[in-house]
Amino acid sequence: MTKASSKKPRYTPPIDPMPARVDPCLAALVTKPPKGPDWAYEVKWDGYRIAVHIEPGRVRILTRGGYDWTERFPTIVDDARRLAVKTAILDGEAVVLDDLGRSDFGMLQRALGRLPSAVEAGAIVFYAFDLLYLDGRDLRRLPLRERRRLLEPLVAGREGAVRLSEEVQADGNEFFRVACQHGLEGIIAKHIEKPYRSGRGEWWQKITCKRRDSFVVVGFEPSTVPSHLGRLLLAARKGDDLVYVGGCGTGWSHELSRELRKLLEGMVTKAPAVALRRKGAVFVDPVLAAEVEYRAWTDDWKLRHASFKGVRPREDEAAVFELP
């Protein structure tokens with residue numbers, strides 16, 4: 001009788017099924033950066049939040065709301081295929097950088113296309129800041145520091161369309177001051193010991209130099225200058241309804257004013273999406289969302305000092321501001 005082998009069978013970790021989609025983790029808006037060794041900071045990118053799904057034989061790009069926008073980001077798709085992975089889900093932001101290396105939402109919106117543009121789609125860059133799945137392992141249960149440890153070797157140092165969003169170990173208040181001084185939108189603070197949790201929570205926090213959100217374009221007021229835009233009329237979501245929250249009349253160039261007016265005139269409707277009577281208002285189908293920077297809200301939920309930053313299709317409904 002032969003002696004039984006004392007060798008233990010090799011342990012094979014279980015293979016986690018790859019999620020078809022992951023609801024993103026969203027940062028809570030706070031007024032100042034958190035403090036302590038458990039917090040890391042990043043630049044707040046000014047673009048579209050997307051997830052890059054690398055699968056056998058294909059790459060998919062999904063928006064925050066779950067729409068498949070793969071065809072809109074060909075350079076990101078091509079570069080993602082070159083990463084040394086079999087399967088992965090990368091969470092991050094698609095942006096276009098200006099001459100000073102700052103992300104510019106208006107340039108991104110033009111690169112994607114509803115308005116005439118000199119910005120090519122190939123200028124769009126994906127900054128990866130999290131890794132949710134890698135070669136058969138669901139990483140969402142791991143703390144952020146472990147997910148970043150696995151992400152960095154994949155994308156650090158790359159200069160193509162897929163890049164690493166760098167973490168900054170610094171004093172949060174000082175980093176925020178410098179970010180605002182350089183014209184950035186703000187910073188993100190993330191708790192390095194927390195797992196990845198879908199939805200909005202305190203484990204990710206955003207601190208913005210100014211407030212900024214998306215609102216549905218429900219109409220416009222013509223300018224006194226022929227063929228130009230005077231004011232956009234905006235609405236927020238409240239349950240299943242749209243509620244008028246005021247408008248904005250600044251933030252566009254002379255040329256962009258004319259382009260927006262022409263675009264909106266092709267969407268005119270006789271059935272307003274909001275309960276609003278306003279002399280001279282022209283109502284449009286609520287299919288576009290405007291990115292708007294503003295200082296505060298009035299007591300009756302109207303925007304104060306709103307300024308236009310860009311426009312996007314409303315189809316990605318998740319990004320539209322919702323009133324409490």
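This is a predicted model: local features need pLDDT of at least 70, side-chain atom pairs count only at pLDDT 80 or more; totals for chains, interfaces and linings use all residues.

Residues are numbered from 1 along each chain as its sequence is written, and side-chain values use heavy atoms, with hydrogens and water left out.

**Strand β3 and its cover**
- Strand β3 spans residues 48-55; strands are DSSP runs of E, at least two residues, numbered from the N terminus.
- Eight of the eight residues of β3 are buried, meaning under 20% relative accessible area with a 1.4 Å probe, protein chains only.
- One side of β3 carries Tyr-48, Ile-50, Val-52 and Ile-54, the other Arg-49, Ala-51, His-53 and Glu-55, and both faces are covered.

**Partners of β3**
- β3 pairs with strand β5 (residues 88-95) in the antiparallel sense over seven bridges; pairing requires at least two DSSP bridges between two strands.
- In β5, Gly-92 stands opposite Ile-50.
- Strand β4 (residues 58-63) also pairs with β3 in the antiparallel sense, over six bridges, and Leu-62 in β4 stands opposite Ala-51.
- Two residues lie between β3 and β4 in their hairpin, and Gly-57 in the turn has a positive phi of about 85°.

**Glu-55**
- Glu-55 belongs to β3 and has a relative accessible area of 13%, so it is buried.
- Beyond its neighbours within four places in sequence, Glu-55 is in contact (heavy atoms within 4.5 Å) with Met-18, Arg-60, Lys-86 and Thr-87.

Definitions and conventions:
Helices (H or I, at least four residues) and strands (E, at least two) are DSSP runs, numbered from the N terminus. Buried means under 20% relative accessible area, exposed over 50%, partly exposed in between (1.4 Å probe, protein chains only).
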